[in-house]
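My entries follow in the order I made them.

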Amino acid sequence: MAENETLESITEHERILQEIESTDTACVGPTLRSVYDDQPNAHKRFMEKLDARIRNHDREIEKMCNFHHQGFVDAITELLKVRADAEKLMGQVTDTNQRLQEAGREVTSQTEEVIRCRLQQRNMATTVEKLQLCIPVLEMYSKLKEQLESKRYYAALKTMEQLENVYIPRVSKYRFCQIMAETLPKLREEIKEISMSDLKDFLESIRKHSDKIGETAMRQAQQHRTFISAMQKQASSGCTKPLYSLNGRTPTQHNGLHGEEPAEEEESEEEVLTAQDLVDFSPVYRCLHIYTVLGDRDSFENYYRKQRKKQARLVLQPQSNMHETVEGYRKYFNQIVGFFVVEDHILHATQGLVTRAFTDELWNMALSKIIAVLRTHSSYCSDPDLVLELKNMIVIFADTLQGYGFTVNRLFDLLFEIRDQYNETLLKKWALVFREIFEQDNYSPIPVETEEEYKSVISRFPFHEADIEKQPFPKKLPMSQSVPQIYTQVKEFIYASLKFSESLHRSSTEIDDMLRKSTNLLLTRTLSGCLQNLIKKPHIGLTELVQIIINTTHLEQACRYLEDFITNITNVSPETIHTTRLYGLATFKDARHAAEGEIYTKLNQKIDEFIQLADYEWGMSESDGRASGYLMDLINFLRSTFQVFTHLPGKVAQTACMSACKHLASSLLQMLLDPDLKQISLGAIQQFNLDVIQCELFASSEPVPGFQGDTLQLAFIDLRQLLDLFMVWDWSTYLADYGQPTSKYLRVNPSTALALLEKMKDTSKKNNIFSQFRKNDRDKQKLIETVVKQLRSLVNGMSQHS
C-alpha cells in the first residue's frame, strides 16, 4: 500500500516539473500550489526531486559548453589579427577629414548667408499673403461695427454670418481672429436683447392702442350695418347683394380697418385710421427676422404667443363697476376687438408667427371668459335701457369679430340669456308702471263730454259698443281710466321687447314667438300679480272691486287686438302652426275670480260689522213691534250695494246676493246659539222674529234679478222653521213628524232646538215667562221637561247613529 502511494507521488512530481518547465513563469503559481495541497511531506519529496532535476540540467549544460569551446578560441585569435589594420585605417580617415573641413569652411559661411536672405524673402512674401487675407476680415468687422451703430441689426447678422463662414476660417489661426470669433456670439446676444426690447415696446404699444383700434373697427362695422340696412330698405325686391356678410370677412383691407362703407359727409372727409397707422409693426417683423436668422425662431414664437396670452387675460379682465355705465362695456369691447384685430394682422402679415389654430384657441379662451363676464355683469343691470345698449354693443362686437373670421355663435346664444334678463327688467319696470296706474285710478266709469274725448279714448283702447255709441254726449264708458292706460302700456312693452329682438339674425317667426312669450309673461305674471295685490288691498272697497271686474272684462276682450298688433309688427300669420297664443283670457279670468271672491269676503265682513252692532235685550217680556235698527241699516246697505252690482255679470251678482243672505242667516242663528247667551225670553224671540221677517222681505224683493221663485228666501228657511216652532209651540207636531220628508219643521235640528229650549227653560224658572199658563203651570213645566227629554233622546240617537 505504501509503495503504491510512493509511486503515485513520484509520478505526480514528474508531471509538476514538466509543467514548470513548459509553462510561462506567470502561470507557475497554480502548479506550485498543488504541491502544498498534496499529502504531508510531499513538499520535501518534491524539493528533493527538484534538486535532482536541477543537477541533471547542470550536467547537460556543462557537456554543451565543453563541446563548443575550441571554436570560440579560434574566433578570438582571428579578431586580434584584424586590430592592427583597423587602427591604420582610422588614422587615414581622420587626416582626410581635417583637410576637408579646412577646405569647406568658407563655402559654409557663404551658404549660411544665402540661406538667411532666402528665409527673409520667404517671410516677407508670406507676410504680404497673410495680410491680404486679413484685410477683408478687418474690413468686414469694421462694416459690422458700423451696422450695429446704425441699428441695422438684420444686415449685421448677415455680415456676422459671412465673417464666420467665409472670412474668419481663412485666418482662423491668428489670435485677433480668435478674439473676433469669440466676440461674435456676444454681439448676437446683444442684438437679440435689443430686438427683444423693441418687441416689448411693441407689445406695450399695442396694449395702449388696442382701445382705439377696437373703437375704429366697431365704428366702421356699425356704419357698415347702417349702410346695409338703408340699402335693404331701398331695395324693392331684396335682390341687392349685401356688402357685409356675417359668414365672411368684412370688406376691409386685409390687415387693416379701412372699409368701403359710406358714411356721412363729415365722416367721409376724415382719414380712416388703420392698425398700421396706430401701431408700428416693424419691431415684430424685425425681431422675427433676427430670431429666424439666429436659428431661434421657435423660442421667439413661443415668447410672443406667451406674452400675447398674458395680455389677453389682462384685456379680458373687466373693471368691477363695468355694469354701471355704457362706457364701461364699450371700453371693454373696444379693447378685445383691438386685441384680435392686431392678432389677425400678425396672422396675415407674418408666416407662422401666429397660426389660425393659435388665434382660434386664443379666441375660444377669450370667448368663454367674455361670456362669463357678460353673464355676471349683465345680471347686475336693473335698467332695461342699459341692457338694451349692452345688447346692441354685443351685436356690433360679434359682427366685427365675425368679419375677421372668428366664430361668434356663442355670443348670440348669450344674447338669448340676456334677452330673458332684459324681459325681467322690463317686467319689473312695467310692474311699477301698472301699480302707479292702479293707484291713480278713481275706479269709476270714464266720463266723455265731447266727440273728441270719445275718439281720444277709443284711439288708445279698442272699445266698440253700439248701445253706448248711440247715447248722446255727455256719456260714460263702462271701464275706468286705467283700462286704456294698461292697454297702451302693454303695447309699449311689446315695442320695448321688440327692440331687443332686432339685429339678432332671427326669422320673423322666432321674433313673433319671442314677443308673444314675453307678452304672456307680462300678462300672466306682472299684470296678474299687480291685479291680485290690488284686489287684496284693504282700501279697495266693494265699488272698486266691481269696477275692477268690469275693467278686466274689457281688457280680456282687447287681447285679440293685442294679437293682431303683434301680427302686424312681425308679419307672421296667426294661423302658423307654432304661433304662441296670448294667455290674457286666463289672466283676466283669474283676476275676476279673485275680485269676486274678495267681494264675497268683504260683503260678509260688512255684514259681520252690522251684526256686531246688534243689542238685543234677551230678557225682554215682549217685542218692540218693529225690527231692530241695526238690521234695517244692514238691509239698506245691501240694497244699495246690490244696485251697484247691476253692471256685473248676472251670476256674479246672484252669487254675491245668495252668499250674503246665507251668511246673514248663519250669523243670526249663531247669535241665538251663542254659548255665552244663557237665557232668552219669549219676547226676545218675538223681536228676533221681526228681524228675520225683514230679512225674508228683503230676499223676496229680488234685490238682484235672475232668481227663480223663492230661491233667495230659502237662505233663511232654517231660521224661519226654528222660530215658527218656538212661536207656535208646536212640539207635538215636530216630535211626531221628525225624520219625515214632509215634516213641517224638517230643517230644525234637534240639538239646535234643545239648546234654545234650555235657554228659555232657565228663563221661565226665574222670570215666570209662562205666566199666561198659570192655571196649568205645573203641567206646562212638566211638558217642557218632557220635550227636553225627548229632544235629548233624539240628539243621543243621532250621535249613536252617526
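**Helix 10.** I began with the length of helix 10. At 1.5 Å a residue, its 24 residues should span 34 Å, and the end C-alpha atoms are 34 Å apart, so the two values agree. The expected span is 1.5 Å times one less than the number of residues. Helices (H or I, at least four residues) and strands (E, at least two) are DSSP runs, numbered from the N terminus. I then checked cover: 17 of the 24 residues of helix 10 are buried, so I noted the helix as mostly covered. Buried means under 20% relative accessible area, exposed over 50%, and partly exposed in between (1.4 Å probe, protein chains only).

**Ground rules.** This is a predicted model, where local features need pLDDT of at least 70, side-chain atom pairs count only at pLDDT 80 or more, and totals for chains, interfaces and linings use all residues. Residues are numbered from 1 along each chain as its sequence is written, and side-chain values use heavy atoms, with hydrogens and water left out.

**Whole protein.** I listed 27 helices and two strands. Of the 802 residues, 40% count as buried. The accessible surface comes to about 45500 Å², and 51% of that belongs to carbon and sulfur atoms. Those areas come from the Shrake-Rupley method with a 1.4 Å probe; for residues, only the protein chains shown count as cover. I also looked at contacts (heavy atoms within 4.5 Å). Among those between residues at least 6 apart in sequence, 77% join residues at least 24 apart.

**Aromatic pairs.** How many aromatic pairs does a search of the whole structure find? It finds 24. Rings of Phe, Tyr and Trp (its six-membered ring) pair if their centres lie within 6.5 Å; planes under 30 degrees apart count as stacked, over 60 as edge-to-face and the rest as tilted.

I took Phe340 and Phe406 next. Their ring centres are 5.3 Å apart and their planes are at 70 degrees, so the pair is edge-to-face. The pair links distant parts of the chain, 66 residues apart: Phe340 sits in helix 10 (residues 326-349), and Phe406 in the loop between helix 12 (384-403) and helix 13 (409-440). Phe340 is buried at 2% relative accessibility. Phe406 is also buried, with a relative accessible area of 2%.

Then I turned to Tyr616 and Phe688. This pair is tilted, with 5.5 Å centre to centre and 50 degrees between the planes. It too links distant parts of the chain, 72 residues apart: Tyr616 is in the loop between helix 20 (584-612) and helix 21 (629-644), and Phe688 is in helix 23 (residues 682-700). Tyr616 counts as buried at 11%. Phe688 is buried at 0%.

**Cluster and charges.** I found Phe340 and Phe406 again in one aromatic cluster, together with Tyr332, Phe333, Phe339, Trp363 and Phe397. I also searched for charges over rings (NZ of Lys or CZ of Arg within 6 Å of the ring centre and within 35 degrees of the ring normal). Arg356 lies over the face of Phe406, at 5.9 Å from the ring centre. Lys391 lies over the face of Phe500, at 6.0 Å from the ring centre.

**Glu596.** Is Glu596 buried or exposed? Its relative accessible area is 13%, so I logged Glu596 as buried. Glu596 belongs to helix 20. Leaving aside neighbours within four places in sequence, Glu596 is in contact with Ile549 and Val652.

**Cysteines.** I searched the whole structure for disulfides (pairs of cysteine sulfur atoms within 2.5 Å). The search finds zero. For Cys661, the nearest cysteine sulfur is that of Cys657, 4.4 Å away. Cys661 is buried at 2%. Cys559 is buried too, at 5%.

**Prolines.** Pro462 lies in the loop between helix 14 (451-460) and helix 15 (466-470). It is buried at 18%. Leaving aside neighbours within four places in sequence, Pro462 is in contact with Tyr487, Ala558 and Tyr561. I noted a cis peptide bond from Phe473 to Pro474, with omega near -5 degrees. Pro474 is in the loop between helix 15 and strand 2 (475-477).

**Positive phi.** Glu702 is not a glycine, yet has a positive phi of about 55 degrees. I logged Glu702 as partly exposed at 42%. Trp729, also not a glycine, has a positive phi of about 60 degrees. Trp729 is partly exposed at 27%.
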